[in-house]
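Hi everyone, thanks for making time for this one. I'd like to walk you through a structure, so let's bring it up on the screen.

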Amino acid sequence: MTMFDYVIEEAQLNDAREILLIINTANREAFRSIIPEEHFREPLLSLDEFLERTKRMTFYVCRSKSRIVSVAAIELRSGKTGRVQHVYVLPDYQRRGVGTALVTHLERRAREIGLHTMEVVTDERAEWAVRFYKKLGYSLASKIENPWGFNLLLKKQLYVKRDI
Ligand SMILES: CC(C)(COP(=O)(O)OP(=O)(O)OC[C@H]1O[C@@H](n2cnc3c(N)ncnc32)[C@H](O)[C@@H]1OP(=O)(O)O)[C@@H](O)C(=O)NCCC(=O)NCCS
């Protein structure tokens, strides 16, 4: 594994175009092979759709030498739950621990604001993503049908309940 310097911080409004490029590039590379053509969206998000999402979720970026190499967002859900959204690492930077660092950062922020649970939805066919989240401690909560198969809802408790 090659190490490199990076910082993780909340995204700024002027990061929008770079973030969008990462989401659309990494999504195309990863999901085109598993989502049937008639359902595959390319690009996944327009600038307007992305800006709309920033109103209901907080985006974080991982910068290396002032270039954004990875993005992820956290969305507040009911029941002290945060949903991990849009986790994308640029193809050249994958498998170097960036995704793990970014999701771990989201979980830390979630604890700081008092959330108890994190969840994420991913395509059952995205075996790499399921493996990634399981390694981070997420486990299967339910299966949700989509037009070509199933999405998986994975959950992780942020606090360990202890008997006093
Ligand atoms: C999935 C993704 C976010 C993981 O980020 P990453 O920085 O590459 O992952 P890490 O280096 O932190 O990997 C941690 C572990 O996850 C698993 N993993 C990550 N990528 C994997 C892959 N392509 N195949 C199999 N396992 C994988 C491995 O267990 C890995 O540990 P290891 O490298 O010691 O074997 C990233 O590869 C990505 O952006 N993929 C394309 C988009 C995507 O699928 N996003 C998730 C949408 S829900």
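Start with strand β3, residues 67-77, which pairs with β4 in the antiparallel sense over 7 bridges. If you want one spot to look at in that pair, find Arg77, which stands opposite Thr81 in β4. Please keep in mind throughout that this is a predicted model.

Now zoom out to the sheet that these strands belong to. The sheet is open and has 7 strands, in the order β1-β2-β3-β4-β5-β7-β6, with mixed pairing. Which strands stand at the edges? They are β1 (7-10) and β6 (139-146); each has a single partner strand, so one side of each is left without a neighbour in the sheet. From one strand to the next, the twist averages 25°.

Next, please follow helix α4, residues 127-135. This helix lies across β5 (117-123), β6 and β7 (149-157), and runs at about 165° to β5.

Keep α4 in view, as it brings us to the ligand. How many residues surround the ligand? There are 19, and the closest are Ala30, Gln94, Gly99, Thr100 and Trp128. Four elements each supply at least two residues of this shell: α1 (16-31), β4 (81-89), α3 (98-112) and α4. Of these, α4 gives the most, with 5 residues.

Let's move on to the nonpolar core. The largest one has 31 residues, and those with the most contacts inside it are Val71, Ala72, Val84, Tyr88, Val98, Leu102 and Leu106. Helices and strands both feature here: α1, β2 (57-64), β3, β4, α3, β5, α4 and β7 each give two or more residues to this core.

Take Leu102 as an example. What is Leu102 in contact with, once its neighbours within four places in sequence are left aside? The answer is Ile8, Tyr60, Cys62, Ser70, Ala72 and Val87.

For a contrast, look at Thr58, which is found in strand β2. Thr58 has 17 C-beta neighbours inside 10 Å; a residue needs 20 or more to be buried and 12 or fewer to be exposed, so Thr58 counts as partly exposed. Leaving aside neighbours within four places in sequence, Thr58 is in contact with Glu10, Ala73 and Ile74. Thr58 and Leu106 are 48 residues apart in sequence, yet their C-alpha atoms are 9.6 Å apart in space.

I'll finish with some backbone details. Most residues other than glycine have a negative phi, and most peptide bonds are trans.

One place is the loop between α1 and α2 (47-53), where Pro43 lies. The peptide bond from Glu42 to Pro43 is cis, with omega near -5°.

Another is the loop between β2 and β3, which holds Lys65 and Ser66. Lys65 has a phi near 50°, a positive value in a residue other than glycine. Ser66 is not a glycine either, and its phi is positive too, at about 60°.

Key:
Residues numbered from 1 in each chain as written. Predicted model: local features only at pLDDT ≥ 70, side-chain atom pairs only at ≥ 80, totals over all residues. Near = placed C-beta within 6 Å. Pairing = 2+ DSSP bridges. Axes fitted to C-alpha atoms, helices over the stretch in contact; angles between N-to-C directions. Contact = placed C-beta atoms within 7 Å. Core = buried A, V, L, I, M, F, W, Y, C linked by C-beta atoms within 7 Å.
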